[in-house]
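Student: I have a structure open here and would like to go through part of it with you. Can we start with how the strands pair?

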Amino acid sequence: MSLTLGCCLAALVTVAALYALALYGTAGTAAAGAVAVTLAVAITIGVVNGSLRDAAGFGTLTAGAAAVVWSLGRSHRRRRTGRASLAAYRAASAAIPRLAATAERDRLAAELHDVAAHRLTGIAVASAAALRLADPVMTAEATAHAAEAGRLAVTELDRLARIDRRGGETTLADVDTLAGDHPGADYRRTAVFAPPGTAALAVRIVRESLTNAMRYATGAAVHVRVEENVEENAGHLVVTVTDEGGPAAGGLGTGTGLASLGRAVRAVGGTLSAGPEGAGWAVRAALPLPSPAAGPTGPAALAAPSTSPEAPWTLWPQWPQWPRRTAGWRGAAALDWALVVLAVALPAGFGLLATEAPRPFVSPASGTLLLVLLVLHALTLRGRRLAPKLSLAVAQGTLLAWLACDAAGLTVPHSAQLVLVCWWVELTLLYTVGAYGSRGWPAPLVVAGLAAFPLVPGMTGPPLAVWATLSVGMAVPTGLAWGSGLLVGGRRRRRWRAEALDRERLDRRTAEAAGAERNRIAAGLRRTAGARARAVVEASEQGRLDLVLTESRAGLTALRELLDELRGGSDPADDTPPPVVAGIAALAVRRGAFVEHEGRRRPLPATVEVAAYRLAEALLADGVTVTVTYRDDGLVLSGPGEARKVRAMVDAAGGTVTETKDGIRVWLPEVFPA
């Protein structure tokens, strides 16, 4: 009695230890613990009883039980992580509209600096040179240039004020157009292609460099080169802008252009250098050239999410879908794999320990065939959520093959009676059919009728009547399994609809916040720089070049003040970024780090959003670049770091971490709540 009690206590302690290991440890550590327990039981039974068959039987049953305990602990771990992530997401929902407003403010600030300031600087420099030389021909040319450039500035400022986004994708031809607006520039491009994000950044570099040349080296010869360096910087677009030096036009600069440009270049993994060269100044940038299939990168990818279809602010999908690929036995499929092990272990273990007929494993040949049938029957559990009806059909087909082998004498007679031990597989599949939206009303009757066949030979009475009676009795649990699946699935779908409504409300608030910020900036733009640009056009039409110079300088001053206000209002220390993927960029600014985005942005579940942000918190440090890649099967974060520091965090989210030569690569599967 005391021995039995001791064995029971030891079993309970072992189960509790395995569960705790699965709940608090990583998948690999917990799996190793389950394997160790299984081997310990098998070895102990083999030593005590001296029977290899008993050792295999008890070891097999222990493996099934350990797999279930392991999967329950893993499921609890994921559910706990999911609840914490959802709570963090909901708590941060108020900050998401503010983040959108800040991102929109930063986007407009960049456009103002890159486009409008460029036009007004050109007008001011040309007007000042013509007035200083008092040459009638140059004065006429400067006046005509001021009229044309002023109208372009008005158009661009009006576009920003109307909150219209630029259509089409940027190409290297846009660099050609920009350089063509500066007839004195010595321009050459040998690069043939660059992705839109890289081309847009090249345009920014050339525009900023030409603007600075006009401001700080008036009248100097400027050389612009856009090349693909296939020797030292293979796979990089190299942009070089140099000037030969000249007098500066004072009071025209904002003092933030190169710094902002440097952040944008480093964010995509490129390099930027700027400094004196000879009597002039040189700017050189090397931009990586990713495959066009990798999706938008650079400024296009780093732009603030909007309400457009190209970059929706929706942070959740409208309807959950099962992922194309999961983390295998470590992730959401852990329970399915554990059920597969249990579905093989229970009948195999009881069959090995059987002392009365039928003893299904007495013959190696028939035992091997039976084991193959059991494995095929069990594997249907792995695909139950991907294809519920197909999995159930395969399970029933396997059972028919099992009955046929029994009838043909290929397996031990009546071995199919073991179906009672593993019939829960059919019940589980019926539950899944109901839970995942498949009606399949004949399925419970078919499963009940087929399961009754192996039991008829052991009963007394007319076979048909016995089969019918058994079928009716077995239809009760099959109907309950299917019906409970329908109830749970309906409740899940109602929860999804409620969450979709919450997400829609949040999206609406976010879009309204971004729109309000754009309206506020647009109003200030019309009062200040827009009014000055229109005054430039009017002065040029009147032939008043002195007034053109005054108004263009006043417009630059107004732009500088507006940019100072915008940048002052987007201090990253004002708010803690919300724990979502969109907040990683703001987090990088606070840390002095950089983020590169690859692939088309799309909505992600809250678990993935929060997990990605927490990982970025662990990886981002001063000067570090982290790449966030959107893939069809989830999200990938890569950058410098140590796997051991983030392994537990990644494991809790059902992902994987891989060490690379440059650091680590983390994959977070896009798994939705079950």
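Student: How do β7 and β8 pair, in the parallel or the antiparallel sense?

Tutor: This is a predicted model, and in it strand β7 (residues 625-631) pairs with strand β8 (residues 634-639) in the antiparallel sense, over five bridges. Within that pairing, T627 stands opposite S638 in β8.

Student: What holds paired strands together in general?

Tutor: Strands of a sheet pair through backbone hydrogen bonds, and they can do so either parallel or antiparallel.

Student: OK, and in what order do the five strands of the open sheet come?

Tutor: The order is β6-β7-β8-β10-β9, and the pairing across this open sheet is mixed. Strands β6 (594-598) and β9 (656-660) stand at the edges with a single partner strand each, so one side of each has no neighbour in the sheet. From one strand to the next, the twist averages 20°.

Student: Switching to helices, which strands does α19 touch?

Tutor: Helix α19 packs on the sheet and touches β7, β8 and β10 (663-669), with its direction making about 170° with that of β10. Helix α20, in turn, lies across β9 and β10 and runs at about 165° to β9.

Student: And at what angle do the axes of α19 and α20 cross?

Tutor: The axes of α19 (residues 606-619) and α20 (residues 643-652) come within 11 Å and cross at roughly 175°, and the two helices are therefore roughly antiparallel to each other.

Student: Which residues make that contact?

Tutor: From α19 they are R614, L615, A618 and L619, and from α20 they are V646, M649 and V650. By class, this contact of α19 with α20 has six nonpolar, no polar and one charged residues.

Key. Residues are numbered from 1 along each chain as its sequence is written. This is a predicted model: local features need pLDDT of at least 70, side-chain atom pairs count only at pLDDT 80 or more; totals for chains, interfaces and linings use all residues. Side-chain values use heavy atoms; hydrogens and water are left out. Axes are lines fitted to C-alpha atoms, for helices over the stretch in contact, and angles run from 0 to 180 degrees between N-to-C directions. Helices (H or I, at least four residues) and strands (E, at least two) are DSSP runs, numbered from the N terminus. Angles under 35 degrees count as roughly parallel, over 145 as roughly antiparallel, 65 to 115 as roughly perpendicular and the rest as oblique. Contact means heavy atoms within 4.5 Å. Ala, Val, Leu, Ile, Met, Phe, Trp, Tyr, Cys and Pro count as nonpolar, Asp, Glu, Lys and Arg as charged, and the others, Gly among them, as polar. Two strands pair if DSSP finds at least two bridges between them.
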